[in-house]
Amino acid sequence: MATPSKTPPGSDPKQLERTGTVREIGSQAVWSLSSCKPGFGVDQLRDDNLETYWQSDGSQPHLVNIQFRRKTTVKMLCMYADYKSDESYTPSKISVRVGNNFHNLQEIRTTPGT
């Protein structure tokens, strides 16, 4: 996750962070998953290694919950998915929801995953 100041679409988030255009704020949040296989959890999801990943283990929907300790403005959300590497785990739909707690989340964006 990053907070940008005018970011061109399709830009490399790591490059934008190095230039000071965005700031990674995911470390300020508490992350949880609806399910995961052992060794394929939050640590692998967040480790910046394209060879590791989160692998769900349970029925759908599969959820990634990101909770900040205080009200936080998020202006950009970056995700990496590689359909060619493993199409069976590539999401067909991504829903972004925001709220003050888990029970009042409102969908603000839906993006096809493939």
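Modeller: Start with the inventory. This is a predicted model. The chain holds two helices and six strands.

Biologist: In what order do the elements of the chain run from the N terminus on?

Modeller: The order is β-α-β-β-α-β-β-β.

Biologist: What percentage of the residues in the chain is buried?

Modeller: Of the 114 residues, 15% are buried. The chain exposes about 8800 Å². Carbon and sulfur atoms supply 48% of that area.

Biologist: And contacts between residues 24 or more positions apart: what share do they hold?

Modeller: Take the contacts with a separation of 6 or more. Residues 24 or more positions apart account for 36% of them.

Biologist: Now a strand. How do I read its two faces?

Modeller: In a regular strand, side chains alternate between the two faces of the sheet. Now look at β3, residues 29–33. Ala29, Trp31 and Leu33 make up its covered face. Val30 and Ser32 make up the uncovered one.

Biologist: Which way do β3 and β4 run, parallel or antiparallel?

Modeller: They run antiparallel, joined by five bridges.

Biologist: Let's move to the loops. Where does Ser56 lie?

Modeller: Ser56 sits in the loop between α2 (42–46) and β4 (64–68).

Biologist: Is Ser56 buried or exposed?

Modeller: Compare its relative accessibility with the cut-off. Buried means under 20%. Ser56 has 13%, so Ser56 counts as buried.

Biologist: What does the side chain of Ser56 make a polar contact with?

Modeller: With the side chain of His62, at 3.3 Å. Then list what Ser56 touches beyond four places in sequence: Ser35, Cys36, Lys37 and His62.

Biologist: Ser35 is on that list. Where does Ser35 lie?

Modeller: Ser35 is in the loop between β3 and α2. Its relative accessibility is 14%, so Ser35 is buried too.

Biologist: Which residues is Ser35 in contact with, leaving aside neighbours within four places in sequence?

Modeller: They are Trp54, Gln55, Ser56, Asp57, Gly58 and His62. His62 is also touched by Ser56. One polar approach involves the backbone: a polar atom of the Ser35 side chain lies 2.9 Å from the backbone nitrogen of Asp57.

Biologist: Next, aromatic rings. How many aromatic pairs does a search of the whole structure find?

Modeller: One. Phe40 and Tyr53 form that pair, with 5.2 Å from centre to centre and 35° between the planes. The pair is tilted. Phe40 is in the loop between β3 and α2, Tyr53 is in the loop between α2 and β4, and 13 residues separate them.

Biologist: How accessible are Cys36 and Cys78?

Modeller: Apply the accessibility cut-offs again. Cys36 has a relative accessible area of 36%, so Cys36 is partly exposed. Cys78 has 31%, so Cys78 is partly exposed as well. Cys36 is also among the residues that Ser56 touches.

Notes
Residues are numbered from 1 along each chain as its sequence is written. This is a predicted model: local features need pLDDT of at least 70, side-chain atom pairs count only at pLDDT 80 or more; totals for chains, interfaces and linings use all residues. Side-chain values use heavy atoms; hydrogens and water are left out. Helices (H or I, at least four residues) and strands (E, at least two) are DSSP runs, numbered from the N terminus. Buried means under 20% relative accessible area, exposed over 50%, partly exposed in between (1.4 Å probe, protein chains only). Contact means heavy atoms within 4.5 Å. Accessible areas come from the Shrake-Rupley method with a 1.4 Å probe; for residues, only the protein chains shown count as cover. A polar contact is a pair of N or O atoms within 3.5 Å; within protein, one must be able to donate a hydrogen and the other to accept it, and residues adjacent in sequence count only if both atoms are side-chain atoms. Rings of Phe, Tyr and Trp (its six-membered ring) pair if their centres lie within 6.5 Å; planes under 30 degrees apart count as stacked, over 60 as edge-to-face and the rest as tilted. Two strands pair if DSSP finds at least two bridges between them.
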